[in-house]
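Here is a short report on aromatic pairs and pockets. Look at the structure, then read on.

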Amino acid sequence: MAYLDRAKEIFDDAVKVRRHLHENPEVGFELPKTTKLVKSKLDEFGIAYENVGDTYGITGTLGDSAKGKTLLLRADMDALAITEKSQSACTSKNENGHLCGHDMHTTILLMVLKMLKENENQLEGQIKFLFQPAEETLNGGRVMVEEGILESPVPDAGMALHMWPNGDKVDVEIHKKEALASALNFRITIKGVGAHGAMPNNGIDPVFVASQIINGANGILARELPSNKGASLSMGYINAPGGAINVIPDKVVLEGTSRSLFPESAEHVSKRLPEIVEHIGKAFRAETEYEVLADCPSLINSEEMAEQVMASAKEALDDKYDVVNVPPYLASEDYAHIASKLPESTYFFIGCPLPDDNGEVYPVHHPLVQFNEEALIVGSATLATSATNWLRDNK
């Protein structure tokens, strides 16, 4: 039986799993309810598993490594600390929300493992799976690597997918090279000396220093990076506790992010930004502290493998859904921590728009976003077929 047909058969059960996850979102590294459900389904399928080190990550294998290579399939499980406000058939029962589609990802991987387990003797190699926590922190993938997900057994390649709810229709979308950007998330603390606003000479103004750091940091992009290998840098948060119209505070905190599709540009910003902070601080007599909150590499697809996945998607979906090549996005994904250490990897998107009553669709992380559950069928059929074919074609 083709995986598309089988995915349709198990769709109703998959929807129940997805809606339970959607109604009970958990965030970060602590996912006890989510993993309890995942483990119960793996038990039902007869698939052995274990925790990834001392975390809520779940991993295991199926197939036979003696027959061929090992392919890693990964899904993230965590939600966002954002209250859902959508018109969905199932909405969150707490203050968090599955507004990035990770409940869909988790359900799809469960569907894939069920189908592959049913055809385990036909697999020409081994599937290793990972249900990952804390993707939204951009540190979950890094911790999975540190806890040994790329060991015992060592994967030869990897695949993962993501929902794309603000497209035009349900489809499969792949970029063959730089799919997603790196992410350097940082915090800058500037310590000065408070003073009356009418007598700034009696203090050291951290607000002024912060403004110089913002300008200086953007000079890295304008004057130090090639125009065809650029990056973005945004300060999205500034706080000056104790300040007022006529009061210069003694501290300012900046938080921001830098993104790039190009590893060499990301590395340059990562090196130069703390230097800019330190030296501008010294120039104006302020103390500065630079803290990295997350440093995730860009997610680069292996071109040949991406083409194999596109071919498998077309085979799996039998012309019932489009399979398209899309441009890269400047969003970031911490699967890159894993993918960057694999010999080859492919990451793709499943278009899943679901308009609200007013005909509007929303992007991920929006409190009104909804996900078309038909994507469960498309995503699972594509991933199961791609995995089976990759093992067959790369012995």
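## Aromatic pairs and pockets

Trp 164 and Tyr 329 are both buried (under 20% relative accessible area with a 1.4 Å probe, protein chains only; exposed is over 50%, partly exposed in between). This is a predicted model: local features need pLDDT of at least 70, side-chain atom pairs count only at pLDDT 80 or more, and totals for chains, interfaces and linings use all residues. Residues are numbered from 1 along each chain as its sequence is written, and side-chain values use heavy atoms, without hydrogens and water.

Rings of Phe, Tyr and Trp (its six-membered ring) pair if their centres lie within 6.5 Å; planes under 30 degrees apart are stacked, over 60 edge-to-face, the rest tilted. The count is 8 aromatic pairs. The ring centres of Trp 164 and Tyr 329 are 4.3 Å apart and their planes at 20°, so the pair is stacked. Tyr 335 and Tyr 347 have ring centres 6.0 Å apart and planes at 25°, so this pair is stacked. Tyr 335 is buried at 0% relative accessibility. Tyr 347 is buried too, at 1% relative accessible area. One aromatic cluster is formed by Trp 164, Tyr 329, Tyr 335, Tyr 347 and Phe 349.

Now the pockets. A pocket is an open set of points on a 1 Å grid over the protein atoms alone, where a 1.4 Å probe fits, with protein on both sides within 12 Å along at least five of seven lines; lining residues have an atom within 4 Å of a point. A volume is the space filled by probe spheres set on the points, which are joined across faces, edges and corners.

| Pocket | Volume |
|---|---|
| Largest pocket | About 430 Å³ |
| Second largest pocket | About 250 Å³ |
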